[in-house]
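Today I opened a new model and took notes as I went. Here is what I looked up, entry by entry.

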Amino acid sequence: MSVTAIPPSGTLPLADVPPLPVDRFRRVVLDAVGSGQRILSLPGFPDGDGTGLLAILGSDRDHRLSAARSEPIRGGYRALTPECPQAHLFEREIAERFAVVPEGHPWLKPVRFLGAGAAPGTPDFFRVDGDEVHEVAVGPVHAGIIEPGHFRFQCHGERVLFLEIALGYQHRGVERALAGGPDARTIHLIETLAGDTSIGHAWAYSLVVEALSGSSPPPRAEALRGVALELERATNHVGDLGALAGDVGYLPAAAFCGRLRGDFLNLTAELCGSRLGRGLVRPGGVAFDLGAEQAAALIPLALTALDEAADATSLLWGTATVRARFEETGAVGPGTCEALGLVGPAARACGIGRDARTSFPSGIWREHPIEIAAAASGDVRARAWVRWLEVQRSIAWLCARLAALPPGPIRTAAAGLAPGSLAVSLVEGWRGEICHTALTDDTGRFRLYKVVDPSFHNWSGLAAAMRDQPISDFPLCNKSFNLSCCGHDL
């Protein structure tokens with residue numbers, strides 16, 4: 001017996017995923033990863049008087065999702081991480097939440113919670129001993145308007161030997177608050193999981209509810225969701241390109257892109273009145289329609305913003321001093337990318353064509369696929385270049401959708417949720433793959449609601465990118481990933 005395939009609807013009765021003895025569960029997951037699948041999510045959940053483990057696995061090559069779960073664990077089990085680094089943070093999280101010990105885990109410290117009275121950033125950090133090796137601590141309070149996070153560098157001179165990243169300062173207990181739902185507050189919690197990804201997370205949540213209720217959004221709603229998601233992507237990518245320019249002191253592009261980010265935000269506000277897209281995506285469809293004149297008016301505005309972004313970014317690609325700082329800085333190879341399970345632009349910059357819009361397409365992405373952007377060098381320049389390619393393709397795609405919006409309603413009613421079921425949704429947010437997983441109890445309420453923001457996968461990629469880099473490159477490398485602390489600390 002191995003994994004259970006998850007049908008295209010994204011849901012199945014939990015009873016169809018038989019609990020496996022934990023040693024068998026471990027072997028199944030390792031074999032799946034060894035055959036080319038990835039761990040999309042690996043939560044623990046209360047199961048009787050023990051803790052069950054649930055693995056959501058995906059094959060980018062075969063476009064298939066599958067699940068495996070363990071029998072209740074009491075005490076410990078043999079860790080996956082030594083043979084599967086993708087499981088590293090998931091197993092640390094399981095240990096801190098359920099006191100289940102993955103025995104043999106190489107660095108088993110809490111991810112967010114540190115026990116009663118303890119504060120984030122206070123436990124022991126990994127240390128490198130040796131002559132002339134020194135330690136540099138950065139944060140959690142930073143000079144810029146960024147979220148709190150602590151970075152502990154082990155250095156030899158300027159060269160970084162090891163970077164450990166401590167988060168948890170933004171923890172709001174959102175996943176715990178979602179248990180027992182859905183209710184009136186659920187969608188609002190979802191939209192603030194990571195504020196700059198309101199559309200991406202709201203869409204992933206809506207897919208879970210629609211799968212569990214057996215409903216489908218109308219084609220017009222699918223198109224409007226896609227337009228909003230690609231605007232969210234273009235907005236944040238243009239902002240990141242400006243931030244990268246600022247980090248190397250190239251202020252012309254920084255200033256232009258900062259202003260253009262506002263233009264893209266305003267386009268989202270035209271859809272629903274919120275520049276972050278809040279209030280737009282709802283289970284069963286969308287809450288706001290777009291008239292024919294409004295849709296037609298958005299197209300030239302989007303194309304103008306794209307033209308101006310092209311002018312601004314041409315300054316980046318054409319300036320030798322910028323290229324000198326971007327190229328061969330913070331490179332991550334495809335082998336490291338695969339081992340850590342990186343997602344989003346960080347993975348595509350390594351030549352890994354991993355994108356939920358094509359790897360696991362559904363709805364609008366089946367009808368109207370989008371060309372995936374990729375690069376090969378895995379460095380800061382590649383991560384910036386992938387962003388710029390995606391801005392161009394997102395604007396072209398959304399203009400085509402606006403020019404041919406399907407007629408009809410924008411929302412269908414969602415019925416109650418199926419009891420005793422498992423549902424999984426995937427959305428390619430601007431940072432990368434968003435995975436929502438829900439288990440319902442025998443009354444159709446959320447027994448477990450697990451969110452994996454792309455940041456959860458990719459913080460390890462930033463640490464890998466800093467190996468053997470000058471410590472002065474950290475701000476630039478950090479910006480090239482631009483990960484979310486609050487999206488991680490759920």
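Before I start, I need one cut-off: a residue counts as buried when under 20% of its relative accessible area is left, and as exposed when over 50% is. I also remind myself that this model is predicted.

Entry 1: I looked up helix 6, residues 219-247. How many of the residues of helix 6 are buried? I found 25 of the 29, so helix 6 is largely enclosed by the rest of the structure. Then I checked its span: from first C-alpha to last, helix 6 reaches 42 Å, close to the 42 Å expected at 1.5 Å a residue. Just after helix 6, I noted G249 with a positive phi of about 75 degrees.

**Entry 2: a strand.** Next I went to strand 16, residues 433-440, where 8 of 8 residues are buried. Which way do its residues point? I saw E433, C435, T437 and L439 go one way, while I434, H436, A438 and T440 go the other.

Entry 3: I followed strand 16 to strand 15, residues 421-428, and found antiparallel pairing over 7 bridges. Here V424 stands opposite T437. The two strands form a hairpin with 4 residues between them, and G432 in the turn has a positive phi of about 140 degrees.

On to strand 17, residues 446-452: strand 16 runs antiparallel to it, joined by 6 bridges. I noted V451 as the bridge partner of H436. This hairpin has 5 residues between the strands, and G444 takes a positive phi near 85 degrees.

Methods:
Residues are numbered from 1 along each chain as its sequence is written. This is a predicted model: local features need pLDDT of at least 70, side-chain atom pairs count only at pLDDT 80 or more; totals for chains, interfaces and linings use all residues. Side-chain values use heavy atoms; hydrogens and water are left out. Buried means under 20% relative accessible area, exposed over 50%, partly exposed in between (1.4 Å probe, protein chains only). Two strands pair if DSSP finds at least two bridges between them. The expected span of a helix is 1.5 Å times one less than its number of residues.
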